[in-house]
Each structure stands twice: as C-alpha cells, then as structure tokens.
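Visitor: Please take one part of this model and go through it closely. I would like the strand pairing first, with the cut-offs behind each term.

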Amino acid sequence: MRSPLPRSARTGREQAHATPARTRAFLAIAAVSAFLAGCSSDLDGSPTSNIPGPDPERALPADALNPLGPVARQQDQLWDIAYPIAIGVFVLVFGGLAFILLRFRDKGQDELPKQTHGNTRLEIAWTLAPAVILIFIAVPTVRTIFDLADEPAADALMVDVVGKQYWWQFEYTNEGEGFYTASELHIPTGREVFITLDGTEPGDPQIYQTSPPVLHSFWVPSLAGKRDWVPGTTRTMRIQADEPGVYPGNCAEFCGLSHANMRFTVIAHEPDDYAAWAADQQEPAQSPEGELAQRGEEVFATCLACHAVDGHPAQATDESGIARFGPSLTHFAQREAFAGYIYDSPFGDSVEDEEEAMENLRQWIRDPQSLKPGAQMIPYSEADLPDEDLDALLAYLGTLE
Ligand code: HEC
Ligand SMILES: [Cu+2]
C-alpha cells in the first residue's frame, strides 16, 4: 500500500520499509570506509595547500605518532596506554548497542515486552568501570605533566618564542648568545631546548594596533605536543631532537587570514655544528662589495622601520639584536624559505627554481598580500620604489649571509 503522506510525515516503520536493504548495506559500507580512511598513516608533512611551499623532501615526516625525540616519546607513551583502552571501550559499547538493537528489535508482536526499571548491580558496575579506567590513565598522565613542567635542565638551550601575525620569532637567550631568527629555530641534537612562549613582549602599542595580540599555538608534531602562545602571559614547554634534521612545524591555533601560512621549521644540528652556527649568527652583517648591492644597502634604510639588520649603517648600534615588527633580516640569505616559510628563498641551498623564487621575492616586496593574505608588511609600488631600487634591494638581501 502506498502511503498518501509526504515522505517526511511517514512513521519510522514505514520509512524503514521504504529504504531497500541494498541501499542500507551500501550506506553502511560507505560509512565504514569513510571511518577507516581517517586511519591513513600517509602523513608526510608536506604542505597541503596549493601555495608553493618548502620542499617536502627537505622535511622529516610531521607525524605525532612517530616521535623523534624524548619529549615527544614521553607524550606518545600516554597515547599508547589510552588508545587500546579507548578501542576496547568502543568495541564494548558499540558492540553491545548493535547486539541490543538487533536482538530486541520490534518484530511485529503486539504485546509490550517486559519493562525493567533500574538494576543496582549493573548501575554500580558501569559507574565503577569508567572511574577505574580514568584513574588508571590519570596516574601516568599526571606524572608526565609534572615531569614536563619541571625547571629547565642546567644545560638547556633557552629560547624565547613570540607568535606574530603570521610568523614566529625566536630569541636565543643563553648567556653569551642573544640573537634572533625568524621562522627557523636551530637547535643542537641531544640537548633539551626549553621554550618560553612569551606573550609579554612589552611591544609598542602602535604596533599592537596593526598586529593584534591573538592566540597562536606552537606545534612541531615529531618533537612535542602543541602548546598555545597566549598574549599577556608566559608559558613554557620543551622539545628535543635525537638526530640532525629538519622538523616541520605549524601554527595550530587560528590566528587570522594567513594562519595556515604560519609555518616554521626546527633545524637540528650536531652540537658542534650548532655552536658554529650560533657564533655566526652573532656576527653583524658586512657592508656588501658590489655597486648594485651597495645601492641596495642604502635603499634598505627605509625597511629598517620594521626590520632589523645588525651592522646596517643606518641601524643604531645600541639596537643590535633588537626585535622589530618584522623578521630580523641580518642573516636572511641563509634562510631556505620566507614569508612564514611558505615560499622558497632564492638564496637557499635547496631552492628548486631560483628564477621563480626571485620573482616571488620581488612580488613579496611589491605586494605582500598577493602572496600571503593579511600579511602585515606594507606594499611598495613603483612610485615608492622604482624598479632599479628594487633590483638593488634584492642584490643586497642576497648578501645577508
Ligand atoms: C610596516 C612594516 C614593514 C616594512 C616597512 C617592511 N616590512 Fe618586510 N616584513 C614585515 C612583516 C610583518 C613581515 C613578515 C610577514 C609574514 O611573514 O607574515 C615581513 C617580511 C619580510 C621578508 C620575509 C622575511 C622572512 O624571513 O620571512 C622580507 C625579505 C622583507 N620583509 C623585506 C622587506 C624589505 C626589503 C622592505 C623595505 C623595502 C620591507 N620588508 C619593509 C614588515 C615590514
Ligand atoms: Cu598563528
């Protein structure tokens, strides 16, 4: 018999009959496949947007389930405990549900089945069981939390991290050090790196107006779990890498238009190589040799409003190492990528298409927002910066080794 009512007004019973068994089987299979597809371990840390990014081959997998240092391993062990338990609970609950749905479904009988109200033993059991499980998981969890919240090790590398819109600033604050990098955090292997997520940088209120203090989250999946960077407060965390390598990171808290373009990388060196690198970072930039680059150095004076280049003649010497609104460019030519680590730098060792990378850098100065929505750098039109001056600037940036 056809129901005269519109489909939505039919009873559940009628609807069940209206869906053929084959369709239901198909839906079930589709749901299971969709669920299983989420389990793919095919996470290679490569950029997922179609914006050209740092070469994925340069980066180790960004896989939180494949920890590559002691901190990440310690955190991963908690997952190893909790996950099998969660699977067990899932199978029990949904298995029980499926069983009851099938076994006791309405088979068309007229009488109501026997009604039960309350079962003390069952209720005590299903209150106690979750409590026991939670206590069992809480013990190692709380212990790990306290462990990781400890004071820094005596020989830890101390790094002050500031989340900007949309890039990360790293200040190396160990005694005898004291310099900045942007988007690349260099660390020695086998040594604790104690990170202060510093949201208290006094900053210029003028600057905060153009770069509002928003939340960010610091995340290097293979080295440690994420931790929020919160304006106005200071939080700490630690990372450590076993092996030299390049570990991709990303901002993991929505912070504005270019949140997804706020990448960074942690580059781990053998301790000796790190020491050499750190010594080099403290060297100011040398004035360049060539005529074009020298002209570029002059033109660059205007960029000092937001960028620091230690050793630039127009930067006051007492401002050495100072953080600015924009990334420090003192050793810009050493970086592999720019603009939140999303574009290959033409001066990097691993650049694939140098010409295209140079074109991107030129475009970055002309119109940063066209490459990175919401970028906080001002555009320089032809009128502000004639082509000859831009050529000179690019030549100068290439000398900032
Ligand atoms: C109003 C401040 C401001 C001025 C002026 C400014 N910049 Fe920038 N610049 C920024 C900010 C902010 C960023 C970071 C943007 C981002 O990645 O989201 C940046 C990024 C850059 C980068 C990429 C650095 C990196 O490692 O990611 C380069 C190169 C650069 N600027 C060059 C210049 C040059 C050359 C000038 C002068 C012609 C200039 N900037 C003037 C604010 C400024
Ligand atoms: Cu962010």
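Guide: Strands S1 and S2 make a hairpin, with 2 residues between them. Strands here are DSSP runs of E with at least two residues, helices are runs of H or I with at least four, and both are numbered from the N terminus. The model is predicted; local features need pLDDT of at least 70, side-chain atom pairs count only at pLDDT 80 or more, and totals for chains, interfaces and linings use all residues. Residues are numbered from 1 along each chain as its sequence is written, while chains are lettered from A and ligands numbered from 1 in the order in which they are written.

S1 covers residues 157–164 and S2 covers residues 167–172. The two run antiparallel and are joined by 6 bridges; strands count as paired if DSSP finds at least two bridges between them. S1 is also joined to strand S5 (residues 193–198), by 5 bridges, and this pair runs parallel. Aspartate 160 has a bridge partner in each neighbour: glutamate 171 in S2 and threonine 196 in S5. S1 is mostly covered, with 6 of its 8 residues buried. Buried means 20 or more other C-beta atoms within 10 Å of the residue's own, exposed means 12 or fewer, and partly exposed lies in between, with C-beta atoms placed from the backbone. Over the protein's 401 residues, 28% count as buried.

There is also an open sheet of 5 strands, ordered S4-S10-S9-S6-S7, with mixed pairing. Its edge strands are S4 and S7 (224–229), each of which pairs on one side only. From one strand to the next the twist averages 20°. Within this sheet, S6 (residues 216–220) and S9 (residues 245–251) run antiparallel and share 2 bridges; phenylalanine 218 has cysteine 251 in S9 as its bridge partner. Helix H6 (residues 271–281) lies across S4 and S10 (263–269), at about 130° to S4. Such angles run from 0 to 180 degrees between N-to-C directions, the axes being lines fitted to C-alpha atoms, for helices over the stretch in contact.

As for confidence, pLDDT is the predictor's confidence in each residue, from 0 to 100. The protein averages 84, and 81% of the residues score at least 70. Where pLDDT is low, the predicted coordinates should not be read in detail.

Definitions and conventions
Contact = placed C-beta atoms within 7 Å.
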